[in-house]
Amino acid sequence: MRLPAVEVRRLYFRYDKEYVLEDVTATIWDQEYIAIIGPNGGGKSTFIRLLLGLVQPTKGEILLYNKPPLQARHLVGYLPQNVNFNLEIPLLAREVILQGRLGPKKFRFDATDYKLLAQVAKELEIDTLLDKKIANLSGGERQRVLLARALITKPKLLILDEPTAAVDINAQKRIYAILKTLKMTKIVISHDINILLEGVDRVFYLNRRLFIHENIPLKLKNNGGHFCEMELFEELKRRCDG
Ligand SMILES: Nc1ncnc2c1ncn2[C@@H]1O[C@H](COP(=O)(O)OP(=O)(O)OP(=O)(O)O)[C@@H](O)[C@H]1O
Ligand SMILES: [Mg+2]
(Lines give C-alpha, C1' and ligand atoms only; values in the text may rest on other atoms or scores of the structure.)
(Ligands and ions follow the chains in the order given, each with its own letter.)
Protein backbone atom coordinates (compact mmCIF):
# COMPACT_ATOMS: atom_id res chain seq x y z
CA MET A 1 0.00 0.00 0.00
CA ARG A 2 1.24 3.50 -0.80
CA LEU A 3 2.02 5.53 2.29
CA PRO A 4 1.65 9.30 2.25
CA ALA A 5 4.90 11.16 2.93
CA VAL A 6 3.44 14.67 2.71
CA GLU A 7 -0.21 15.65 3.09
CA VAL A 8 -1.22 19.24 2.47
CA ARG A 9 -4.87 20.20 2.91
CA ARG A 10 -6.40 23.52 1.86
CA LEU A 11 -3.25 25.42 2.67
CA TYR A 12 -3.24 29.22 2.59
CA PHE A 13 -0.26 31.38 3.44
CA ARG A 14 0.57 35.08 3.44
CA TYR A 15 3.56 37.00 4.83
CA ASP A 16 1.50 40.21 4.87
CA LYS A 17 -1.61 41.28 2.95
CA GLU A 18 -1.42 39.23 -0.22
CA TYR A 19 -1.70 35.46 -0.25
CA VAL A 20 1.48 33.82 -1.54
CA LEU A 21 -0.19 30.37 -1.51
CA GLU A 22 -3.89 29.83 -1.99
CA ASP A 23 -5.94 26.67 -1.50
CA VAL A 24 -3.05 24.24 -2.02
CA THR A 25 -3.98 20.59 -1.60
CA ALA A 26 -1.65 17.70 -2.42
CA THR A 27 -0.47 14.29 -1.31
CA ILE A 28 3.08 13.20 -2.01
CA TRP A 29 3.60 9.47 -1.66
CA ASP A 30 6.50 7.75 0.05
CA GLN A 31 9.37 7.19 -2.46
CA GLU A 32 7.88 9.61 -4.98
CA TYR A 33 10.11 12.04 -6.89
CA ILE A 34 8.41 15.42 -7.31
CA ALA A 35 9.70 18.40 -9.28
CA ILE A 36 8.33 21.80 -8.31
CA ILE A 37 8.51 24.42 -11.03
CA GLY A 38 6.98 27.86 -11.47
CA PRO A 39 7.88 31.49 -12.04
CA ASN A 40 10.01 33.61 -9.67
CA GLY A 41 7.90 34.62 -6.69
CA GLY A 42 5.42 31.79 -7.34
CA GLY A 43 5.71 30.55 -3.76
CA LYS A 44 7.97 27.51 -4.22
CA SER A 45 10.49 28.30 -1.46
CA THR A 46 7.64 29.42 0.79
CA PHE A 47 5.91 26.07 0.28
CA ILE A 48 9.12 24.32 1.35
CA ARG A 49 9.50 26.57 4.41
CA LEU A 50 5.98 25.53 5.40
CA LEU A 51 6.85 21.83 5.00
CA LEU A 52 9.87 22.37 7.26
CA GLY A 53 7.82 24.21 9.88
CA LEU A 54 9.97 27.35 9.47
CA VAL A 55 6.75 29.33 8.91
CA GLN A 56 3.22 28.41 9.94
CA PRO A 57 0.16 28.14 7.65
CA THR A 58 -2.27 31.05 7.72
CA LYS A 59 -4.95 28.38 7.18
CA GLY A 60 -4.91 24.69 6.41
CA GLU A 61 -3.02 21.59 7.48
CA ILE A 62 0.35 19.98 6.74
CA LEU A 63 1.45 16.51 7.81
CA LEU A 64 4.80 14.81 7.14
CA TYR A 65 4.62 11.09 7.77
CA ASN A 66 1.50 11.76 9.84
CA LYS A 67 3.23 14.32 12.04
CA PRO A 68 3.15 18.12 12.15
CA PRO A 69 6.26 19.52 10.38
CA LEU A 70 8.21 20.46 13.50
CA GLN A 71 7.81 16.95 14.92
CA ALA A 72 8.98 15.42 11.64
CA ARG A 73 12.09 17.58 11.25
CA HIS A 74 14.44 14.63 11.94
CA LEU A 75 12.97 12.78 8.93
CA VAL A 76 13.84 15.55 6.48
CA GLY A 77 17.08 16.42 4.68
CA TYR A 78 17.10 19.94 3.28
CA LEU A 79 19.27 21.94 0.91
CA PRO A 80 18.18 25.62 1.00
CA GLN A 81 18.21 28.01 -1.95
CA ASN A 82 21.29 30.29 -2.21
CA VAL A 83 23.43 29.06 0.65
CA ASN A 84 25.95 31.82 1.31
CA PHE A 85 29.08 30.96 3.19
CA ASN A 86 30.95 33.55 5.12
CA LEU A 87 34.31 33.22 3.40
CA GLU A 88 36.05 34.47 6.54
CA ILE A 89 35.10 31.29 8.40
CA PRO A 90 37.59 28.62 7.29
CA LEU A 91 35.20 25.66 7.40
CA LEU A 92 36.29 22.44 5.71
CA ALA A 93 33.86 20.48 3.53
CA ARG A 94 33.87 17.61 6.08
CA GLU A 95 32.81 20.00 8.85
CA VAL A 96 29.98 21.40 6.76
CA ILE A 97 28.69 17.89 6.03
CA LEU A 98 28.93 16.80 9.67
CA GLN A 99 26.86 19.83 10.70
CA GLY A 100 23.91 17.92 9.25
CA ARG A 101 24.19 15.52 12.20
CA LEU A 102 23.89 18.23 14.84
CA GLY A 103 20.54 18.97 16.43
CA PRO A 104 18.87 20.50 19.48
CA LYS A 105 20.17 17.64 21.66
CA LYS A 106 23.35 16.78 19.80
CA PHE A 107 26.43 18.97 20.07
CA ARG A 108 29.34 16.63 19.42
CA PHE A 109 30.25 13.94 16.91
CA ASP A 110 30.72 10.23 17.57
CA ALA A 111 31.94 7.18 15.64
CA THR A 112 28.57 6.77 13.88
CA ASP A 113 28.79 10.31 12.53
CA TYR A 114 32.24 9.68 11.04
CA LYS A 115 31.05 6.39 9.55
CA LEU A 116 28.09 8.11 7.91
CA LEU A 117 30.39 10.86 6.64
CA ALA A 118 32.60 8.28 4.92
CA GLN A 119 29.53 6.55 3.42
CA VAL A 120 27.94 9.68 2.01
CA ALA A 121 31.27 10.98 0.70
CA LYS A 122 31.76 7.75 -1.22
CA GLU A 123 28.20 7.80 -2.55
CA LEU A 124 28.53 11.35 -3.87
CA GLU A 125 32.16 10.94 -4.98
CA ILE A 126 33.46 13.78 -2.86
CA ASP A 127 36.16 11.95 -0.88
CA THR A 128 38.85 14.17 -2.34
CA LEU A 129 36.99 17.36 -1.41
CA LEU A 130 36.56 16.64 2.30
CA ASP A 131 39.68 18.46 3.47
CA LYS A 132 39.23 21.47 1.23
CA LYS A 133 37.87 24.76 2.47
CA ILE A 134 34.24 25.16 1.50
CA ALA A 135 34.99 28.67 0.24
CA ASN A 136 37.51 27.29 -2.27
CA LEU A 137 35.21 24.73 -3.89
CA SER A 138 33.64 25.27 -7.29
CA GLY A 139 29.87 25.85 -7.43
CA GLY A 140 29.15 22.29 -8.53
CA GLU A 141 31.46 20.78 -5.88
CA ARG A 142 29.90 22.93 -3.18
CA GLN A 143 26.39 21.79 -4.15
CA ARG A 144 27.46 18.15 -3.85
CA VAL A 145 28.89 18.89 -0.39
CA LEU A 146 25.60 20.53 0.62
CA LEU A 147 23.71 17.56 -0.77
CA ALA A 148 25.91 15.36 1.41
CA ARG A 149 24.99 17.49 4.43
CA ALA A 150 21.30 16.93 3.65
CA LEU A 151 21.83 13.19 3.17
CA ILE A 152 24.01 12.40 6.18
CA THR A 153 20.94 12.23 8.45
CA LYS A 154 19.55 9.39 6.28
CA PRO A 155 16.32 11.28 5.68
CA LYS A 156 13.06 9.69 4.55
CA LEU A 157 12.27 12.92 2.73
CA LEU A 158 14.85 14.95 0.81
CA ILE A 159 13.99 18.55 -0.12
CA LEU A 160 16.26 20.50 -2.46
CA ASP A 161 15.58 24.14 -3.31
CA GLU A 162 17.28 24.83 -6.66
CA PRO A 163 20.28 22.54 -6.15
CA THR A 164 21.73 23.38 -9.56
CA ALA A 165 21.34 27.15 -9.67
CA ALA A 166 24.60 28.68 -10.94
CA VAL A 167 26.06 25.29 -11.80
CA ASP A 168 27.29 24.36 -15.30
CA ILE A 169 25.51 21.81 -17.46
CA ASN A 170 27.85 18.91 -16.65
CA ALA A 171 27.61 19.50 -12.91
CA GLN A 172 23.80 19.75 -13.27
CA LYS A 173 23.70 16.42 -15.06
CA ARG A 174 25.87 14.89 -12.37
CA ILE A 175 23.62 16.10 -9.56
CA TYR A 176 20.45 14.88 -11.30
CA ALA A 177 22.09 11.53 -12.03
CA ILE A 178 22.89 11.19 -8.31
CA LEU A 179 19.33 12.19 -7.38
CA LYS A 180 17.91 9.48 -9.61
CA THR A 181 19.77 6.81 -7.66
CA LEU A 182 18.70 7.99 -4.18
CA LYS A 183 15.96 5.83 -2.71
CA MET A 184 13.72 8.11 -0.65
CA THR A 185 10.94 10.64 -1.14
CA LYS A 186 12.36 13.57 -3.09
CA ILE A 187 11.06 17.09 -3.68
CA VAL A 188 13.23 19.22 -5.93
CA ILE A 189 12.56 22.81 -6.91
CA SER A 190 14.17 23.62 -10.21
CA HIS A 191 14.27 26.02 -13.12
CA ASP A 192 16.25 23.43 -15.09
CA ILE A 193 14.00 21.71 -17.53
CA ASN A 194 16.54 18.88 -17.62
CA ILE A 195 15.10 17.61 -14.39
CA LEU A 196 11.72 17.05 -15.99
CA LEU A 197 13.27 14.61 -18.41
CA GLU A 198 15.14 12.75 -15.70
CA GLY A 199 12.82 10.34 -13.99
CA VAL A 200 10.56 12.52 -11.87
CA ASP A 201 7.16 10.98 -11.12
CA ARG A 202 5.07 14.16 -11.13
CA VAL A 203 5.52 17.86 -11.74
CA PHE A 204 4.00 20.45 -9.41
CA TYR A 205 3.54 23.83 -11.07
CA LEU A 206 3.23 26.45 -8.34
CA ASN A 207 2.15 30.00 -8.99
CA ARG A 208 0.16 30.95 -5.87
CA ARG A 209 -2.10 28.03 -6.73
CA LEU A 210 -0.86 24.50 -7.32
CA PHE A 211 -1.38 22.58 -10.55
CA ILE A 212 -0.32 18.95 -10.53
CA HIS A 213 0.85 17.34 -13.74
CA GLU A 214 1.14 13.59 -14.10
CA ASN A 215 3.49 12.13 -16.71
CA ILE A 216 4.74 15.45 -18.05
CA PRO A 217 8.30 14.28 -18.70
CA LEU A 218 7.33 11.53 -21.14
CA LYS A 219 4.88 13.67 -23.04
CA LEU A 220 7.51 16.37 -23.45
CA LYS A 221 10.06 13.84 -24.57
CA ASN A 222 7.68 12.61 -27.25
CA ASN A 223 7.40 16.15 -28.48
CA GLY A 224 11.00 15.75 -29.47
CA GLY A 225 11.97 19.38 -29.28
CA HIS A 226 13.94 21.37 -26.79
CA PHE A 227 11.72 23.23 -24.34
CA CYS A 228 12.78 26.47 -22.80
CA GLU A 229 11.18 27.16 -19.46
CA MET A 230 8.78 29.83 -20.69
CA GLU A 231 7.47 27.52 -23.40
CA LEU A 232 6.96 24.85 -20.79
CA PHE A 233 5.02 27.22 -18.52
CA GLU A 234 2.83 28.22 -21.47
CA GLU A 235 2.18 24.58 -22.27
CA LEU A 236 1.31 23.74 -18.66
CA LYS A 237 -0.98 26.75 -18.36
CA ARG A 238 -2.75 25.73 -21.54
CA ARG A 239 -3.32 22.25 -20.13
CA CYS A 240 -4.67 23.71 -16.88
CA ASP A 241 -7.06 26.03 -18.67
CA GLY A 242 -8.22 23.48 -21.18
N1 LIG B 1 10.13 36.77 4.40
C2 LIG B 1 9.27 37.30 3.51
N3 LIG B 1 8.51 38.36 3.84
C4 LIG B 1 7.64 38.91 2.97
N5 LIG B 1 7.44 38.43 1.73
C6 LIG B 1 8.17 37.38 1.33
C7 LIG B 1 9.12 36.76 2.20
N8 LIG B 1 9.69 35.73 1.55
C9 LIG B 1 9.12 35.70 0.33
N10 LIG B 1 8.21 36.68 0.20
C11 LIG B 1 7.37 36.94 -0.99
O12 LIG B 1 6.58 35.78 -1.22
C13 LIG B 1 6.47 35.49 -2.61
C14 LIG B 1 6.94 34.06 -2.88
O15 LIG B 1 8.32 33.98 -2.65
P16 LIG B 1 9.13 32.61 -2.77
O17 LIG B 1 10.51 32.87 -2.30
O18 LIG B 1 8.35 31.55 -2.10
O19 LIG B 1 9.07 32.37 -4.35
P20 LIG B 1 9.83 31.30 -5.24
O21 LIG B 1 8.77 30.60 -6.05
O22 LIG B 1 10.72 30.45 -4.42
O23 LIG B 1 10.68 32.21 -6.23
P24 LIG B 1 12.15 31.98 -6.90
O25 LIG B 1 11.93 31.12 -8.12
O26 LIG B 1 12.57 33.36 -7.28
O27 LIG B 1 13.04 31.35 -5.89
C28 LIG B 1 7.28 36.57 -3.32
O29 LIG B 1 6.38 37.57 -3.77
C30 LIG B 1 8.19 37.12 -2.25
O31 LIG B 1 8.48 38.47 -2.46
MG1 LIG C 1 12.73 30.16 -4.31
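Arg94 and Asp131 form a salt bridge, with their closest N and O atoms 2.9 Å apart; a salt bridge here is a side-chain nitrogen of Lys or Arg within 4 Å of a carboxyl oxygen of Asp or Glu. This pair links distant parts of the chain, 37 residues apart: Arg94 sits in helix H2 (residues 93-99), and Asp131 in the loop between helix H3 (111-123) and helix H4 (139-151). Helices (H or I, at least four residues) and strands (E, at least two) are DSSP runs, numbered from the N terminus.

Before going on, two notes on how to read the values. This is a predicted model, in which local features need pLDDT of at least 70 and side-chain atom pairs count only at pLDDT 80 or more, while totals for chains, interfaces and linings use all residues. Residues are numbered from 1 along each chain as its sequence is written, chains are lettered from A and ligands numbered from 1 in the order in which they are written, and side-chain values use heavy atoms, with hydrogens and water left out.

**Salt bridges**

- Searching the whole structure turns up ten salt bridges.
- Buried means under 20% relative accessible area, exposed over 50%, and partly exposed in between (1.4 Å probe, protein chains only).
- Asp23 and Arg10 also meet through their side chains in a salt bridge, at 3.1 Å from N to O. Here too distant parts of the chain are linked, since Asp23 is in strand S2 (residues 19-29) and Arg10 in strand S1 (residues 4-14), 13 residues apart.
- Asp23 is partly exposed, with a relative accessible area of 24%, whereas Arg10 counts as exposed at 53%.
- Lys106 pairs with Asp113 in a salt bridge whose closest N and O atoms are 2.8 Å apart. Lys106 counts as partly exposed at 21% relative accessibility, but Asp113 counts as buried at 0%.

**Around ligand 1**

- Ligand 1 is surrounded by 14 residues, and the closest are Asn40, Gly41, Lys44, Ser45 and Thr46. A residue is near a molecule if one of its heavy atoms lies within 4 Å of it.
- This shell divides into three nonpolar, eight polar and three charged residues. In this sorting, Ala, Val, Leu, Ile, Met, Phe, Trp, Tyr, Cys and Pro count as nonpolar, Asp, Glu, Lys and Arg as charged, and the others, Gly among them, as polar.
- Asn40 places a polar side-chain atom 2.9 Å from an oxygen atom of ligand 1, and so does Gln81, at 2.9 Å.
- Gly43 takes part through its backbone, with a polar atom 3.0 Å from an oxygen atom of ligand 1.
- Taken alone, ligand 1 exposes 640 Å², and the protein buries 61% of that. Such accessible areas come from the Shrake-Rupley method with a 1.4 Å probe.

**Helix H1**

- Helix H1 (residues 44-51) gives the most to the shell around ligand 1, with four residues.
- Seven of the eight residues of H1 are buried, so the helix is largely enclosed by the rest of the structure. The buried ones are Lys44, Ser45, Thr46, Phe47, Ile48, Leu50 and Leu51.
- Gly53 follows H1 and has a positive phi, near 75°.

**The largest nonpolar core**

- A nonpolar core is a set of buried Ala, Val, Leu, Ile, Met, Phe, Trp, Tyr and Cys residues joined through side-chain atoms within 4.5 Å.
- The largest one has 41 residues, of which Ile97, Val145, Leu147, Leu158 and Leu179 touch the most other members.
- Strand S3 (33-37), H2, H3, H4, strand S6 (157-161), helix H5 (169-181) and strand S8 (202-207) each supply at least two residues of this core.
- H4 provides the largest share, six residues.

**Two loop residues**

- Gln31 is found in the loop between S2 and S3, and counts as partly exposed at 46% relative accessibility.
- The C-alpha atoms of Gln31 and Lys183 are separated by 6.7 Å, although these residues are 152 residues apart along the chain.
- Ser190 lies in the loop between strand S7 (185-189) and S8. At 2% relative accessibility, Ser190 counts as buried.

How values were computed. A polar contact is a pair of N or O atoms within 3.5 Å; within protein, one must be able to donate a hydrogen and the other to accept it, and residues adjacent in sequence count only if both atoms are side-chain atoms.
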